[in-house]
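Let's walk through this one together, starting with a helix and ending at a pocket. Have a look at the model first.

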Amino acid sequence: MKVLRKNGEIAEVRFEDQEGRKAFWHTSAHVLAQAVKRLYPETKCAIGPASGNGFYYDFQFDFSFTEEHLKTIEAEMRNIIKESLSLQVYEKSKEEALSFMEHAGEKYKIELIQELDDEEQITFYKQGEYEEFCAGPHISNVCQIKAVKLLSVAGAYWRGSEKNQMLTRIYGISFPKAAQLEEYLHMAEEAKARDHRKLGKELGIFTIFDEGPGLPVFLPKGMILKNLMIDYWRKIHRREGYVEISTPIMLERSLWETSGHWDFYRDAMYTLKVEDDDYAVKPMSCPGGMLVYKLAPKSYKELPVRIGELGLVHRNEKSGTLHGLMRVRSFTQDDAHILMREDQVMDEIQGVMRLIDEVYQKFGFSYEIELSTRPEHSIGSDEDWQLATEALEKAVQGMGKFYAVNEADGAFYGPKLDFHIKDSIGRTWQCGTIQLDFQLPQRFDIDYIGADGEKHRPVMLHRVVFGSIERFIGILLEHYAGKFPVWIAPVQVKVLPVSDKYNDYARKIEQALEENDIRAEVDARSEKLGYKIREARMDKVPYMIIIGENEKNNLSVSVRQRDAEPDQQDMGEMSLEQAVSLVKRGKIE
């Protein structure tokens with residue numbers, strides 16, 4: 001696939017590469033805008049980037065937009081693609097760019113250009129009659145787009161502000177092969193069936209009330225699941241030498257000024273007045289961890305110090321971005337911070353990588369690693385950033401792991417490794433992260449006494465494994481389609497008496513299972529057995545135990561298993577001890 005860069009260079013790249021996908025989908029967005037302008041010339045164009053999975057474009061139409069318009073635009077996009085338009089790239093001065101957009105009547109483009117430096121040369125891309133200022137890259141010819149589909153329409157405020165004009169956002173997807181679009185649409189249907197919001201409601205895992213948008217409420221079975229994950233997290237972190245703390249949900253403004261969050265992260269923070277002082281609800285736990293470290297002087301012999309916290313954090317997300325457990329305003333972050341000597345950096349990074357690898361394997365995930373470098377708005381010297389970035393690179397290379405580079409997407413205080421897990425239908429989710437930080441130890445003036453008796457500055461690792469426990473649960477729901485592995489299934493065994501007269505024996509079986517640390521539940525309703533079995537299947541319970549006359553007389557149980565072929569699900573009659581052993585094989589060690 002040929003890509004046209006802003007310097008005029010044409011490069012051969014793969015669609016699978018980040019640059020290739022971005023160029024392909026960005027060009028598709030331009031084709032969308034070109035189709036809209038051909039069909040509805042009075043429409044105003046706003047922005048149209050490549051997104052994480054496809055592309056979108058925001059428009060201001062002068063009529064009420066419908067699904068029929070979407071079909072018409074999609075057909076025109078295919079016509080444009082058939083024209084095999086080559087893309088050209090050139091520059092205009094700011095004055096020329098403004099004049100061009102004023103003549104075109106594109107008020108949103110004018111606003112964007114006005115914010116650029118007066119001396120800046122502005123890159124334009126042109127395909128046929130359509131021209132747009134854009135930094136690129138783009139594919140060299142629209143004919144490389146072999147399959148395109150417009151997916152949905154939504155409202156979007158200009159520049160994300162409720163104070164601005166509401167625009168119409170059109171989402172689309174495109175591919176260099178028709179078969180890829182077919183596969184994508186099939187996966188989209190599969191994803192719809194696996195929607196964690198639907199499954200979460202059906203399985204009694206969580207809900208979100210109208211009175212608290214973005215603030216998930218875990219129901220009894222959801223709390224079992226969440227606590228199982230927390231218990232597992234605590235177990236492996238105790239093993240790895242972490243101590244656990246809990247810091248306040250809100251802290252005074254000066255702390256966030258010291259950390260840099262007040263300047264670099266304030267838009268995402270909830271702030272409030274306590275008497276006459278400014279406070280912020282914490283969006284992350286690191287500043288509180290700094291205060292804990294400073295409570296007592298540290299010797300070089302005590303390092304590394306590994307401090308973990310399951311911190312409830314809040315972030316001011318826009319209502320339009322909220323999505324079940326995947327994008328929320330309140331979540332539990334499995335945060336941890338490691339304070340270490342410089343000679344310990346490599347071992348600690350790789351130790352966290354091994355821990356992340358162990359956890360993701362436990363849950364059945366493969367993953368990819370991305371190295372994110374210094375963003376435009378950041379703190380610290382170039383030297384510190386270079387040292388930190390090189391340390392992360394060497395650590396990954398030393399583990400024999402492949403990684404991609406994500407330019408300018410690091411945290412404001414340091415570069416990071418992001419871990420993107422892949423689910424059962426091929427989607428990726430960014431969960432774990434390791435951030436190497438020279439800045440916060442300086443800003444909080446923390447130190448340790450070295451072997452020379454002098455004060456030294458420690459280096460800091462920020463890291464999460466789940467990222468957000470809430471979001472990880474949402475991913476698990478979709479990954480397993482609600483069929484959780486036995487060890488984290490909220491109910492591992494449903495005990496189903498054939499009729500009411502076997503309820504007492506069923507209760508005894510339930511009690512015996514609970515005594516063996518197996519989560520069991522009796523369905524004692526006066527319903528037919530077939531109905532109870534269907535209900536247990538709908539609840540996606542790993543095992544069913546059937547109780548009838550034979551089982552009562554023989555002091556035995558009959559077992560059915562979920563995860564087997566239909567003709568092998570009925571495992572027959574066995575002793576309770578055998579059933580317990582069977583269930584425990586799927587439990588966490």
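What span should the 16 residues of helix 2 (residues 67-82) have at 1.5 Å a residue? They should span 22 Å, and the end C-alpha atoms, 23 Å apart, agree with that; the expected span is 1.5 Å times one less than the number of residues. Helices here are DSSP runs of H or I with at least four residues, strands are E runs of at least two, and both are numbered from the N terminus.

A word on the source: this is a predicted model, so local features need pLDDT of at least 70 and side-chain atom pairs pLDDT 80 or more, while totals for chains, interfaces and linings use all residues. Residues count from 1 along each chain as its sequence is written, and side-chain values use heavy atoms, without hydrogens or water.

Just past the helix, Ser-84 takes a positive phi of about 50°.

On to the second largest pocket, where His-26, Phe-133, Cys-134, Ala-135 and Gly-136 lie nearest the centre, among 21 lining residues. A pocket is an open set of 1 Å grid points over the protein atoms alone where a 1.4 Å probe fits, with protein on both sides within 12 Å along at least five of seven lines; lining residues have an atom within 4 Å of a point. Helix 1 gives the largest share of that lining, 3 residues.
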